[in-house]
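Biologist: I would like to learn how to read a model like this one. Please show it, and we can start with its make-up.

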Amino acid sequence: MKKKETKLKIGEFSRLMQVTVKTLRHYESLGLLIPAEVDDSSGYRYYTISQMQRLNSILALKNLGFSLEEIGSLYDDDIHSPGVEALEEKCLECERQIESLGERLRRLKEMIHSRKNINKMEKFTIQSLPAIIVASHREVLSGYDAVGEMCVNVIGPEMHRLGCRCTPNGYCFTIEHDKEYRPDNVDIEYCEQVEEALTDSPIVQFKHLEAVPEAFCMQHRGPYNRFRESYAEAFRRIEEMGCRVAGHPRTVYVDGIWNEENPENWLSIIQIPIEKSK
């Protein structure tokens, strides 16, 4: 006589296997773990003891980094564990992720160091700006608020496609090329420091910027529509020092909409090349 197989309701199966009912239903929708029986009248789902091992196998593969789609293909091929090639490829994937995370960690630490220096910085300082290589993109935008979107949707993807390697300090800034104030249709050039110049593309061009012997650097806290207040104060102090502007001002973005919702907490650094008045 055939031994009757034990069947567990979905709730009990969930509790014993420490997996939520929602997860079990998701696995069912993907065809990964179909209930052994579904009662037509009540809709109750029942699982068998043998399906415990299948669920354990699914969870083990998931913990090894296999996606549910990859696991599904393993079972579709009537294989219940990955072959050597699949495991080796997953190892390579892990190594790539470790390398990527290591680079991300290095840049984060550099940013923390840079941020601490900025927080210690006096509101006004005179600094020299070294010669650098930048990836540049110039475009007429609706206003400064559009800079962030341009960086995320246009410049960032293109720099990634070209294989640009940014410097650890993440130095990026804009230069406004309009000769007079414009509330919209602003001619803005975005520059980001990179380790080497690559081949120009229609979107990104590479430039060598000369060193700036002296630059008046000033913190600006708040939204971009108040830049005029900081510029008025900066130019007044430059004049009081007996200096004049000797190049295009740069606006360096430290904190903005990408990491701070409140515009009052946005931090920018205005860098204005200066020289002694003749």
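Biologist: How many helices and strands does the chain have?

Modeller: Helices (H or I, at least four residues) and strands (E, at least two) are DSSP runs, numbered from the N terminus. Here the chain has 7 helices and 12 strands. The model is predicted: local features need pLDDT of at least 70, side-chain atom pairs count only at pLDDT 80 or more, and totals for chains, interfaces and linings use all residues. Residues are numbered from 1 along each chain as its sequence is written, and side-chain values use heavy atoms, leaving out hydrogens and water.

Biologist: Is Thr48 buried or exposed?

Modeller: Buried means under 20% relative accessible area, exposed over 50%, and partly exposed in between (1.4 Å probe, protein chains only). Thr48 has 5%, so it is buried. In the chain, 37% of the 278 residues are buried.

Biologist: Where is Thr48 found, and which residues does Thr48 touch?

Modeller: Thr48 is found in strand S3, residues 45-48. Contact means heavy atoms within 4.5 Å. Not counting residues up to four places away in sequence, Thr48 touches Glu5, Thr6, Lys7, Phe13 and Ala36.
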